[in-house]
Amino acid sequence: MAPPCIIDRSRIAGAQVKEKDEPLWVLGMMSGTSLDGVDAAMVLTDGIRVLDFGPHAFRPYAEAERATIAAGFGAWPGDPPVRAAAEVVEAAHVEVASRFADVALVGFHGQTLAHDPGGRGTHQAGDGQVLASALGLPVVWDFRSADVALGGQGAPLVPFFHHALGRRLGATEPLAFLNLGGVGNLTWVDPRLTSPEAPGALLAFDTGPANAPVNDLMQERRGQALDEGGALALSGRPDAEVIARFLASPYFFKVPPKSLDRNAFHDLLPWVAHLSDADAAATLTQAAAEAVARGAEHFPAPISRLLVAGGGRLNAALMAALRAKLPGVEDIDATGLNGDMLEAQAFAYLAARVRRGLPTSGPMTTGVRASVGGGQISWPD
Ligand SMILES: Nc1ncnc2c1ncn2[C@@H]1O[C@H](COP(=O)(O)OP(=O)(O)OP(=O)(O)O)[C@@H](O)[C@H]1O
Ligand SMILES: CC(=O)N[C@H]1[C@@H]2OC[C@@H](O2)[C@@H](O)[C@@H]1O[C@H](C)C(=O)O
């Protein structure tokens, strides 16, 4: 059962009749591939500029909730485990959203259970109408389907937000944003171009597995969720043969835009089965950095700053491996942004774009044929 909603409803009616281009406080929520929990963050935005950042919260999944969602990995709408997974996702989001006041609009990503853009499509568990009814707020959700329907990868979607951030930071030359979640994704941005839709403004794609393989290893060998700080990886040595085999994977020879399912590199663990815990962790961590370096070869022009967001930036072994391979690697927190909340903030920004009818992806971010606005809006009953 969702807790009572404390959202200030007196403000909502006003928000809904506001001019579409007026800035709104939007609550964005993301449940990422690592299944640690729900990130929620407020952004003041008109869907073009990022004007301010508001409060944020993290709502971890309990062990039983995580197991229920994980049982739905690989499942498609209508498959038996999906209903239970979606109910957990919806309840957790309602619970965390209820902690915020003065929300005018919600951006709800949901939890990706399966992603096969060239085949069955993409599937995020969680129904935006359930949230809209429970919260009494308009909710933008189902951000990826329209892009996939038009031939796009449906991911990554954060790049239009990265473009807005590049401009907010006052950058005057190309820079890149790297997200190190369960999967990695990289966005090259030219902030001199005012619109993310302008040809040459962006190039984005998933780099490969980031934290997911090392998390899986830690779970399997040590019963731990992650390699805290990268300590285990730092005590080992990467295995060159495994790295070479990894880099021979067909994914690295695909030209971007391209995207990955969390489990796309599931076969990595058997490849390190013969290694000690430390060497296996070092190898999987190095592999994530090598994948990013391969990705950077696709940049249309050199960059001097690579801003790293996502939980992987807290892994010292991963950051050291990246710095050894690429110039300009910085923890994005050093710029004043919040590397833990970037994806949640992105879905706030994208929700504001959907509300205004603006595109959320384009040929150079998802490979979609033409710029497209994903997302549907559900209204409170
Ligand atoms: N202190 C830490 N030390 C090492 N690794 C960490 C630390 N904190 C987080 N991580 C790693 O970051 C992961 C979580 O990152 P994040 O929250 O960015 O992923 P996500 O949003 O769930 O995934 P995705 O971006 O792929 O959807 C954890 O599962 C862990 O592997
Ligand atoms: C299908 C899906 O949910 N993909 C996620 C995943 O996690 C990271 C990477 O793979 C990225 O493509 C995407 O998430 C971010 C938020 C995005 O769409 O930009």
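**The sheet and its surroundings**

Modeller: Let's start with a strand pair: β8 and β9 run antiparallel to each other, joined by seven bridges. Here, pairing takes at least two DSSP bridges between two strands, and the elements themselves are DSSP runs, numbered from the N terminus: helices are H or I of at least four residues, strands E of at least two. Keep in mind that this is a predicted model: local features need pLDDT of at least 70, side-chain atom pairs count only at pLDDT 80 or more, and totals for chains, interfaces and linings use all residues. As for labels, residues are numbered from 1 along each chain as its sequence is written, while chains are lettered from A and ligands numbered from 1 in the order in which they are written.

Within that pair, Val 189 has Leu 202 of β9 as its bridge partner. Zooming out, the strands belong to an open, five-stranded sheet with mixed pairing, ordered β9-β8-β7-β10-β11. Its edges are β9 (202-209) and β11 (329-331), each pairing on one side only. From one strand to the next, the twist averages 25°. Packed on the sheet is helix α11 (residues 277-296), which touches β7 (175-180), β8 and β9, and its direction makes about 155° with that of β9. That angle is taken between N-to-C directions on a scale from 0 to 180 degrees, with axes as lines fitted to C-alpha atoms, for helices over the stretch in contact.

Now the wider setting. The chain is assigned domain 1 (10-156 + 341-378) and domain 2 (172-335), with bounds from an automatic or database assignment. Their C-alpha centres are 24 Å apart. Across the boundary, 22 residues of domain 1 contact 21 of domain 2, contact meaning C-beta atoms, placed from the backbone, within 7 Å. On the domain 1 side, β4 and α13 (342-356) each supply at least two residues, and β4 gives the most, with three. By class, that side has eight nonpolar, twelve polar and two charged residues; nonpolar covers Ala, Val, Leu, Ile, Met, Phe, Trp, Tyr, Cys and Pro, charged covers Asp, Glu, Lys and Arg, and the others, Gly among them, are polar.

β8 also turns up at ligand 2. 16 residues surround that ligand, the closest being Thr 112, Ala 155, Pro 156, Val 158 and Val 183; a residue counts if its C-beta, placed from the backbone, lies within 6 Å. β4 (105-116) and β8 (183-189) are the elements giving two or more residues to this shell. Five of the shell residues are nonpolar, nine polar and two charged, and each domain contributes at least three.

Terms used: Contact = placed C-beta atoms within 7 Å.
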